[in-house]
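Please read these notes with the model open beside them.

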Amino acid sequence: MNKVEIEDINELIKKGYSSKAIKKILDDILLLSLKVKEDYPDYKTWYQNKQIPGIFNNTRNIIIAHMNNKVVGFVSLKKTKEEKKICTFYVEKNFQKNKIGTILVEKAINYLEEEKPLITIPIDKLYEFVKIGNKYNWKVTDIQENLYRTTTKEVIVNGTILDLNTQYEQPKELSKVYKIYKFSCLKHFFKSIIYKTDGNN
Ligand SMILES: CC(C)(COP(=O)(O)OP(=O)(O)OC[C@H]1O[C@@H](n2cnc3c(N)ncnc32)[C@H](O)[C@@H]1OP(=O)(O)O)[C@@H](O)C(=O)NCCC(=O)NCCS
């Protein structure tokens, strides 16, 4: 694989990158994020009204991985007194399992000055985060239905969503929560088969 390079948007702005170049990167990030956020209602509005202004008022940042001027992964971050959060974290499918995610998280932790930032993960993607999460001892603190999507439960890791204020009494391992989820999917699957077979009798 060609060399993947890592850049920090806040740093690029400080270095005096032209606003045209920054806009191109931000547009590319939006395009890439729609691959993983397509079913989040209003993601594009959130990106344009919250994420981009936050970059310019120093409450948000995005760290990107790019190759030959193509953004192949990114982690978008919020850093305020109240909240240190990974808002979105994604590495393009063809580039996954090359340690890009590991490097992006390391950089995110450095920027946020927090090893256990808040992050929410769709439950069906949780297994992809297990290795990275275990490295920093991340724990599931809550699970919410209909938080952003109506189709998938959202797992809250390392804290509480500011306006929700619910939490497990005992935070749980990411892998354990994923196993319980897979088990419930299997149970559901077998139940549906039994139901169909019964219906055929
Ligand atoms: C999670 C994610 C960012 C990891 O990126 P990546 O570049 O593949 O990560 P790395 O190559 O650094 O892998 C880190 C570890 O995770 C493991 N891993 C990566 N992808 C995995 C997968 N699909 N299943 C199981 N383990 C996986 C790697 O094997 C590696 O383990 P190791 O440290 O023991 O070698 C990537 O899988 C992804 O973008 N997933 C979708 C994210 C998503 O849904 N985002 C929206 C909510 S924020």
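**Notes on the ligand site**

1. Domain 1 (1–114) and domain 2 (115–201) each give at least three residues to the shell around the ligand; the domain bounds come from an automatic or database domain assignment. This is a predicted model, in which local features need pLDDT of at least 70 and side-chain atom pairs count only at pLDDT 80 or more, while totals for chains, interfaces and linings use all residues. Residues are numbered from 1 along each chain as its sequence is written, and side-chain values use heavy atoms, with hydrogens and water left out.

2. The ligand is surrounded by 19 residues, counted when a heavy atom lies within 4 Å of it. The closest are Lys97, Lys99, Gly101, Thr102 and Glu128. By class, the shell holds nine nonpolar, five polar and five charged residues, with Gly placed among the polar ones.

3. Polar contacts are pairs of N or O atoms within 3.5 Å. A polar side-chain atom of threonine 102 is 2.4 Å from a ligand oxygen, and a backbone N or O atom of glycine 101 is 2.8 Å from a ligand oxygen. At phenylalanine 89, a backbone N or O atom lies 2.9 Å from a ligand nitrogen.

4. On its own the ligand has 940 Å² of accessible area, of which the protein covers 83% (Shrake-Rupley method, 1.4 Å probe). Elements giving two or more residues to the shell are β4 (84–91), α4 (100–112), β5 (118–122) and α5 (130–135).

5. The protein chain has six helices and seven strands, taken as DSSP runs (helices H or I, at least four residues; strands E, at least two). Its C-alpha atoms fill a box of roughly 70 × 35 × 30 Å along the principal axes.

Conventions. Polar contact = N/O pair within 3.5 Å; in protein donor to acceptor, adjacent residues only side chain to side chain.
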